[in-house]
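Dear colleague,

Please find below the structure that I am handing over to you, followed by an account of what was found in it. I would be grateful if you could read the two side by side.

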Amino acid sequence: MFRSTLATHLALSVTLCTGWVATVCAEEKAQLVQREDPYFKQAQEQLQQRLAQPKNTHRAKNVILVVGDGMGFSTVTAARIFEGQQRGVDGESNVLAWEAFPYLAAAKTYSANAQITDSAPSAVAMTTGVKTLNDLMGLDHTASLNNCEDQKTKTVTTLWEMAASLGMSTGAVTTATITHATPGATYAHIANRDWESDAKMPAEALAAGCSDIARQLVEMKYGNGLNVAMGGGRANFLPESATDPEYAAKKGNRKDGRDLTQAWLKRYGERGSYVWNQSQFDRIDPAKVDHLLALFEPSHMNFDHDRREDAAGEPSLAEMTGKAIDILARNPEGYLLLVEGGRIDHGSHNGNAYRTLTDTVALNEAVKTIIGKVDLNETLVVVTGDHSHTLTLAGYAKRGNPILGISIGVNGKPLLGSDGKPYTTISFANGPGGVIPLPERPALTMEQTSAPDFIQPALVPMKSETHGGEDLGIYAIGPWSHLFQGTVEENYTFHVMNYASRIGERLSNL
């Protein structure tokens, strides 16, 4: 029966070639005439790279989590173009360091109680593997905001605490305060993310014995605490009676009279160090320091654009990252490091895309430092954000148009709104760039919009621009990085890092 049917089909094919399909039978096969097209060749090269990419299933001796605070896909795209244009190359086809990583997933960032998350539950998701409420750190989703009792009883364990318990080295580096939401989520358990020092805590919480985030850092009970803690937030560690070493008009915040920088030095002795300026930082010998506390500003560190104007000097994020790795990598048991570009977020909250993008470029330099220092056969590197912002790229600007400029079309003429005035490629859905009452839009120029202090237009006027709720990227390279694929929950990041490093498994076997 089968042979008979096959013969019938073959005969039919021959017959058809003499009929309406004859022209098809006679035509040449389609040829890929575009083989030499540069875009075609580039995509082919990328395909071959992906095909040749082996899956690394070694145990991750080291794990580095890099977080661009507020770095959604639109910010990554804008920073890619900006960074390339700053270097004088084609921005659109430029590649940031983490964009060259072989694996990418999309993270859903909602928190346990909010459609759009803040940084605290986002960081908790990545450091502990669970989602929690906005404004909580190191507590589960059943805890209540400002509840001191819940701070004591509803804690969740961080991967940093687990690693420290194994004898691994641990660290956190940020350009925000070291007590801020993202770095704080590696070591702190707090009923309100604003409780960075005891000065921010209500009297009843203090009376009930709850401690603030800065104190929890210095007194971290797991293992021997963090080995490296670098960022801003000096005022949260100094008593209100102490004058800041850099600014004579500023004092510490602490009301308990304690100087936690001295408490750090007392805890770690001759193998511990505390620094607050560039020259002290430069003198740190990684071979001689096991525990480094570095606090370069009373509050957040400067935006990267403004950093060089700081009289006392403060290192770049890349410099801090490099020093941290040099200290942590001495431990034969391995290490766990968080690196945060904390002020990317603040640039967007201010509606100032220039500082958003320059701080994203600074994060790119930190990732390049990481790749240059680590062995990717044994180090898992994960680059992601914690949430997005309302930054958008819109219009029909020509190729190579300044990303911070007004939109110029492919015909070389400014693109205009229905009011006859030009518009910027980058804007925000809300923020300080909105105007009350709604007047005529200003006639912007390329010079105005490219200035570092320019505030991008916004649709809804607000004092501070808000977070965005869309998914964001998780870029990964190193052992088990291939587990980052598809669309995942944000807390999945913890589970991959834990699995790749076998930290939880090894801890349970002790």
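Leaving aside its neighbours within four places in sequence, Thr358 is in contact (heavy atoms within 4.5 Å) with Phe82, Asp304 and His305. Thr358 itself belongs to helix 15, which covers residues 353-373. With a relative accessible area of 11%, Thr358 is buried; here buried means under 20% relative accessible area, exposed means over 50%, and partly exposed lies in between, with a 1.4 Å probe and protein chains only.

The model is predicted, and local features need pLDDT of at least 70, while side-chain atom pairs count only at pLDDT 80 or more, and totals for chains, interfaces and linings use all residues. Residues are numbered from 1 along each chain as its sequence is written, and side-chain values use heavy atoms, with hydrogens and water left out.

For the chain as a whole, the secondary structure comprises 18 helices and 15 strands. These are DSSP runs numbered from the N terminus, with helices being H or I of at least four residues and strands E of at least two. Along the principal axes, the C-alpha atoms fill a box of roughly 100 × 65 × 45 Å. The chain has 510 residues, of which 55% count as buried. Among its contacts with a separation of 6 or more, 71% are between residues 24 or more positions apart. The accessible surface comes to about 22,500 Å², and carbon and sulfur atoms account for 54% of that surface; the areas come from the Shrake-Rupley method with a 1.4 Å probe, and for residues only the protein chains shown count as cover.

Ser119 is found in helix 5, residues 119-128, and is buried because its relative accessibility is 3%. Beyond the neighbours within four places in sequence, the contacts of Ser119 are Asp69, Ala181, Thr182, Arg193, Asp386, His387 and His467.

Helix 13, residues 317-328, deserves a separate note. Its twelve residues should span 16 Å at 1.5 Å a residue, and its end C-alpha atoms are 16 Å apart, which agrees; the expected span is 1.5 Å times one less than the number of residues. Ten of the twelve residues are buried, so helix 13 is largely enclosed by the rest of the structure. Among the buried residues are Leu317, Met320, Lys323 and Leu328.

Finally, the loop between helix 5 and helix 6 (148-153) holds Asp135, and Asn146 lies in that loop as well. Most residues other than glycine have a negative phi. Phi is positive, however, in Asp135, near 80°, and in Asn146, near 70°. Asp135 counts as partly exposed at 28% relative accessibility, as does Asn146 at 42%.
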